[in-house]
Amino acid sequence: MVDCKTIQKMIIPFDEGRLSIKEEEMFVNHIENCADCKEEFEIHYIISYGLSDDEDAISVEPEYKKLLNHYDFKGLVDLKIKNSKIKIKKIRDMNRISLMCLISANISLILAAVIFVIIRYY
Ligand SMILES: [Zn+2]
């Protein structure tokens, strides 16, 4: 298990989308199971969005904006985590598919080479 200090240092990079997939997965898994870090994450949003009066200055996606307008920071954190998990799963699936493509491409290449040798020398 990663310690909370490491995770809490990753809050801002996570929010700015600067974590690698591996780091992001670690971060999300920890936040989901650690009330302290989840609270820290909410506080991050309270500080960066809640205290700002100038709403136009904040550029957020519409799905997040609705929650921000209601000061629902817990909901915002939950949504961010949910979206991140969907993203991680998509990338995982993509990697699996491209690995499978690579393997089948290799097999066809070997097969083609074998057939070539058979045709050429027999
Ligand atoms: Zn923690």
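## Notes on the zinc site and helices

Both His30 and Cys34 are buried, where buried means under 20% relative accessible area, exposed over 50% and partly exposed in between (1.4 Å probe, protein chains only). A few points follow that I hope are handy as you look at the model.

1. **Ground rules.** This is a predicted model, in which local features need pLDDT of at least 70, side-chain atom pairs count only at pLDDT 80 or more, and totals for chains, interfaces and linings use all residues. Residues are numbered from 1 along each chain as its sequence is written, and side-chain values use heavy atoms, with hydrogens and water left out.

2. **Confidence.** The protein has a mean pLDDT of 90, and 91% of its residues reach 70 or more; pLDDT is the predictor's confidence in each residue, from 0 to 100. Helix α1 (residues 4–9) has the highest confidence, at 97, while helix α5 (residues 62–69) has the lowest, at a mean of 86. Helices here are DSSP runs (H or I, at least four residues), numbered from the N terminus.

3. **The zinc site.** Cys4 (SG), His30 (NE2), Cys34 (SG) and Cys37 (SG) coordinate the zinc ion at 2.0 to 2.3 Å. Donors are N, O and S atoms within 2.8 Å of the metal (3.2 Å for Na, K and Ca), and since water is not among the atoms, sites may look incomplete. The donor residues follow the spacing C-x25-H-x3-C-x2-C in sequence. The arrangement is tetrahedral because the four donor atoms subtend angles of 97 to 116 degrees around the zinc ion; four donors count as tetrahedral if all angles lie between 85 and 135 degrees. For four tetrahedral donors the ideal angle is 109.5 degrees.

4. **The cysteines.** Cys34 counts as buried because its relative accessible area is 12%, whereas Cys4, at 29%, is partly exposed. Searching the whole structure gives zero disulfides, a disulfide being a pair of cysteine sulfur atoms within 2.5 Å.

5. **Helix α3.** With 13 residues (21–33), helix α3 reaches 19 Å from its first C-alpha to its last, close to the 18 Å expected at 1.5 Å a residue. The expected span is 1.5 Å times one less than the number of residues. Buried in α3 are Glu24, Glu25, Phe27, Val28, His30 and Ile31.

6. **Helix α6 and Ser84.** Among the buried residues of α6 are Phe73, Leu76, Ile81, Ser84 and Ile88. Ser84 lies in this helix (residues 73–121) and is buried because its relative accessible area is 4%. Apart from neighbours within four places in sequence, Ser84 is in contact (heavy atoms within 4.5 Å) with Phe14, Glu24 and Val28.

7. **Further along α6.** Ser108 also belongs to helix α6; with a relative accessible area of 42%, Ser108 is partly exposed. The C-alpha atoms of Ser108 and Arg96, twelve residues apart along the chain, are separated by 18 Å.

8. Phi of Tyr71 is near 55 degrees, a positive value in a residue other than glycine. Most residues other than glycine have a negative phi. Tyr71 counts as exposed because its relative accessibility is 53%. Leu67, in helix α5, is in contact with Asp72, Gly75, Leu76 and Leu79, leaving aside neighbours within four places in sequence.

How values were computed. Helix = DSSP H or I, 4+ residues; strand = E, 2+ residues; numbered from the N terminus. Tetrahedral: all angles 85-135°; square planar, octahedral: opposite > 155°, others 65-115°.
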